[in-house]
Amino acid sequence: MTLARATAVAHPNLALIKYWGKRDEERVLPWTGSLSLTLDVFPTKTSVTLDPSLDEDRFFLNGSEVSGTPLTRVRTFLDLVREKSGRSARATVESRNSVPTGAGLASSASGFAALATSASQAYGLPTDTVSLSRLARRGSGSACRSVLGDLAVWRAGEGSGDEADAASYAEQIPGPRLAMVIAVVSAAQKSISSRVAMRETARTSSFFDGWVSGTTQDLTAMIAALADGDYTRVGELTESNALRMHAAINGARPPIRYLAPTSIELFDAVAQFRADGLEVYGTADAGPNVAILCRDEDLEKTHQALSDRFPDLELIPARSGPGAHLVEDA
Ligand code: 2P0
């Protein structure tokens with residue numbers, strides 16, 4: 001018997017306007033829209049094979065069988081796929097990624113974008129980008145943006161319930177050619193997951209309301225800046241939105257802090273590079289690593305400037321990458 005099987009590849013994305021906080025935890029509906037650059041590094045490749053002889057889904061990551069919370073997240077996701085497709089077969093999920101898992105380099109984004117794409121194909125669900133983005137969102141919010149290549153805006157979706165669920169997905173938007181250098185301050189597993197930290201920030205940080213209203217404005221301004229090709233404005237918005245997110249996170253009780261001393265040194269170095277004529281901007285996700293945004297044509301120069309200033313740090317240059325897509329099985 002031939003088992004239904006599909007394989008997909010997806011890449012991580014880094015947000016220029018951040019997603020931080022859900023208004024509906026079950027449907028993964030965010031308080032605000034967000035906007036990101038899909039990168040060309042650290043792809044995740046995921047195969048889904050339907051197997052009616054299985055009682056439960058099985059999940060292999062980089063060749064090892066996974067249990068616990070990551071397995072539960074995959075099963076919950078496949079339950080949703082089964083509900084939508086009307087098919088009950090369990091599946092084996094085999095995933096390979098090269099990004100240090102849990103290090104704040106968005107492995108859940110590429111992971112659920114690749115899983116949504118391969119599972120939709122294997123279970124016979126629609127594979128247009130709107131359907132895939134909506135579905136990927138349910139696995140991990142930021143994954144809905146990795147369904148698209150280059151610049152993607154994730155709309156918060158109006159209202160609540162099923163109506164908002166249908167309206168909350170990412171779409172590609174035009175803009176200037178951007179690149180980034182990721183400075184790996186630490187590849188260790190983070191002390192508190194984004195999922196828990198964003199819940200605690202929303203629940204306990206007195207800065208959270210300001211974060212939501214400020215980000216809503218930043219997103220509108222960012223979309224306009226990208227449409228105008230105004231790189232300076234794009235960079236300024238990127239850096240200030242990231243630091244505002246960290247300020248809101250720091251304001252949680254008990255406080256949560258992701259940035260390390262070296263992260264702050266990187267933000268200082270970025271300001272110095274700008275003063276010296278290299279127009280770069282910093283951003284950081286839920287971890288100590290800092291991504292340095294630059295014009296695509298400045299990527300080598302930016303990489304060199306950072307290597308000179310931080311010879312001991314691992315630096316990963318990345319350009320704009322493709323959206324999630326099906327591939328032939330290896
Ligand atoms: C982002 N991050 O916009 C923000 C900035 C981290 C900092 O999206 O709970 O793994 O699975 O929806 O997508 C990380 O959060 O969270 C994230 P869930 P996710 O990229």
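Biologist: Which handedness does the crossing of H1 and H2 have?

Modeller: This is a predicted model, where local features need pLDDT of at least 70, side-chain atom pairs count only at pLDDT 80 or more, and totals for chains, interfaces and linings use all residues. Residues are numbered from 1 along each chain as its sequence is written, and side-chain values use heavy atoms, leaving out hydrogens and water. Handedness goes by how the near helix is turned from the far one by less than a right angle: anticlockwise is left-handed, clockwise right-handed. For H1 and H2, the crossing is right-handed.

Biologist: At roughly what angle do the axes of H1 and H2 cross?

Modeller: Helices here are DSSP runs (H or I, at least four residues; strands are E, at least two), numbered from the N terminus. Axes are lines fitted to C-alpha atoms, for helices over the stretch in contact, with angles from 0 to 180 degrees between N-to-C directions. H2 covers residues 107–123, and its axis comes within 11 Å of the H1 axis. The two cross at roughly 35 degrees.

Biologist: How many nonpolar residues does the contact of H1 with H2 have?

Modeller: H1 brings Arg73, Val74, Phe77, Leu78, Val81, Arg82 and Ser85 to the contact (heavy atoms within 4.5 Å), while H2 brings Phe112, Leu115, Ala116, Ala119 and Tyr123. Ala, Val, Leu, Ile, Met, Phe, Trp, Tyr, Cys and Pro count as nonpolar, Asp, Glu, Lys and Arg as charged, and the others, Gly among them, as polar. By class, that gives one polar, two charged and, for the nonpolar count, nine.

Biologist: H2 also packs against H3, so to speak; how does H2 lie to H3?

Modeller: Their axes come within 8 Å and cross at roughly 125 degrees. Under 35 degrees counts as roughly parallel, over 145 as roughly antiparallel, 65 to 115 as roughly perpendicular and the rest as oblique. That makes H2, relative to H3, oblique.

Biologist: How many charged residues does the contact of H9 with H10 have?

Modeller: On the H9 side are Glu265, Leu266, Ala269 and Phe273, facing Ala305, Leu306 and Arg309 of H10. Five of the contact residues are nonpolar and none are polar, and the charged ones number two.

Biologist: Which residue is joined to Arg253 by a cis peptide bond?

Modeller: Look in the loop between H8 (231–250) and H9, where the residue in question lies. Omega of the bond is about -5 degrees, and the partner of Arg253 is Pro254.

Biologist: What is phi of Val28 near?

Modeller: Val28 sits in the loop between strand E3 (22–24) and strand E4 (29–30). Its phi is positive, in a residue other than glycine, and lies near 55 degrees.
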